[in-house]
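Please look at the sequence and the model below. The dialogue then takes up some features in turn.

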Amino acid sequence: MLAFFSNAAARVRRDEKGATAVEYGIMVALIAVVIIVAVTLLGGSLNTMFQQVKCQVGGGTWTAIEQTNTTSAGGTCAP
C-alpha cells in the first residue's frame with residue numbers, strides 16, 4: 001500500500017502540465033485586473049488628453065477647465 005502512494009506521488013510530481021496551465025491562468029487573471037484598474041484610474045485623464053490633441057490637430061485652441069475633487073479635468077476647443 002505504501003508503494004502505491006509513493007508511486008502515485010512520484011507521478012504527480014513529474015506531471016507538471018496541469019500546474020503550468022493553472023499558473024498561466026492565474027497570471028492572465030492578474031494581468032487583466034491590472035489593466036482594468038489602470039483604465040479605471042486613468043480613463044478620464046486619457047480622454048481629456050485625446051480631446052486636447054484632437055483640438056490642436058484640427059487647428060483649434062484648447063482651454064483647460066480646472067480639476068475638482070469630484071470630476072476629472074476637461075476643457076473646451078475653440079476653432
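Q: Which residues does UniProt list for "transmembrane region"?

A: The unreviewed UniProt entry lists residues 21-42; UniProt positions are in the numbering used here, feature names are shortened, and annotations may be inferred rather than shown by experiment. The model is predicted: local features need pLDDT of at least 70, side-chain atom pairs count only at pLDDT 80 or more, and totals for chains, interfaces and linings use all residues. Residues are numbered from 1 along each chain as its sequence is written, and side-chain values use heavy atoms, without hydrogens and water.

Q: What is the helix and strand content over residues 21-42?

A: Helices (H or I, at least four residues) and strands (E, at least two) are DSSP runs, numbered from the N terminus. Residues 21-42 are 100% helix and 0% strand, with 32 Å between the end C-alpha atoms.

Q: Which residues form a disulfide?

A: A disulfide is a pair of cysteine sulfur atoms within 2.5 Å. Cys55 and Cys77 form one, with their sulfur atoms 2.0 Å apart. This pair links distant parts of the chain, 22 residues apart: Cys55 lies in helix α2 (residues 17-57) and Cys77 in strand β2 (residues 74-78). The torsion about their S-S bond is about 85 degrees, so the disulfide is right-handed.

Q: Is Cys55 buried or exposed?

A: Buried means under 20% relative accessible area, exposed over 50%, and partly exposed in between (1.4 Å probe, protein chains only). Cys55 counts as buried because its relative accessibility is 4%, whereas Cys77, at 43%, is partly exposed.
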